[in-house]
Amino acid sequence: DVYKRQGINAEYGGQRVYTFFFQLLKTTNATSFQKVAIAVAFHDIGIWTDKTVDYIDPSRKLATEYLKQKHLDEWIQDVDLMIERHHQLFQSSLSGDSLTEIFRRADLADFSWGWISSGIPTSTVRQVQTQYPNNGFHCRLLQLAISWFIRHPFNPAPMMRLW
């Protein structure tokens, strides 16, 4: 299992993002399900593989390698964009109603621990949080962020983007 080999345990909370994503998606097809599943699996993986909060590029690289191994090169652009922009704070004109924008909103609901619900009913957010507990994910992010900030005070949140 790729997660166990990388030292990733139950604190990895991708199930919440996946569930939130499909709360926001208006239409579905098998390809969307698969692309999102891959983006969810890889979008934060660099936290563990590189042990850093500067994890977007390592996560993108691993996702691209995986897609190439699976001969899914035509999905690289979509999955890469979901990963690259998942911590973008504001919707950009490039995102619109795309998988990338919906993924960003779903991750924001998870990242903010429901403080920003992204249009998902609060009762649904709470139900998903109960079904898929945090297991220390946000605490791990905080530990890495503090360590990063001490070393990089002028770049405190390298994974965040405004636009």
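Buried means under 20% relative accessible area, exposed over 50%, and partly exposed in between, with a 1.4 Å probe and protein chains only. This is a predicted model: local features need pLDDT of at least 70, side-chain atom pairs count only at pLDDT 80 or more, and totals for chains, interfaces and linings use all residues. Residues are numbered from 1 along each chain as its sequence is written, and side-chain values use heavy atoms, with hydrogens and water left out.

Q: Why is Leu142 called exposed?
A: Its relative accessible area is 52%. Exposed means over 50%. So Leu142 counts as exposed.

Q: What makes the nonpolar surface patch that includes Leu142?
A: Leu142, Ile146 and Ile150 make the patch, which covers about 320 Å². Patches take residues with over 30% relative accessible area and no salt bridge; nonpolar side chains (Val, Leu, Ile, Met, Phe, Trp, Tyr) are joined within 5 Å, like charges within 9 Å. Leu142 itself sits in helix α9, residues 137–151. Helices here are DSSP runs (H or I, at least four residues), numbered from the N terminus.

Q: Why are α5 and α6 called roughly antiparallel?
A: Helix α5 (residues 56–69) and helix α6 (residues 76–84) pack at about 160 degrees, with axes 9 Å apart. Angles run from 0 to 180 degrees between N-to-C directions, and axes are lines fitted to C-alpha atoms over the stretch in contact. Over 145 degrees counts as roughly antiparallel. The two helices are therefore roughly antiparallel.

Q: What makes Arg16 and Asp110 a salt bridge?
A: Their side chains meet at 2.5 Å, N to O. A salt bridge needs a side-chain nitrogen of Lys or Arg within 4 Å of a carboxyl oxygen of Asp or Glu. The pair links distant parts of the chain, 94 residues apart: Arg16 in helix α2 and Asp110 in helix α7.

Q: How do you know whether Arg16 and Asp110 are buried or exposed?
A: Arg16 has a relative accessible area of 0%. Asp110 has 4%. Under 20% means buried. So Arg16 is buried, and so is Asp110.

Key:
Accessible areas come from the Shrake-Rupley method with a 1.4 Å probe; for residues, only the protein chains shown count as cover. Angles under 35 degrees count as roughly parallel, over 145 as roughly antiparallel, 65 to 115 as roughly perpendicular and the rest as oblique.
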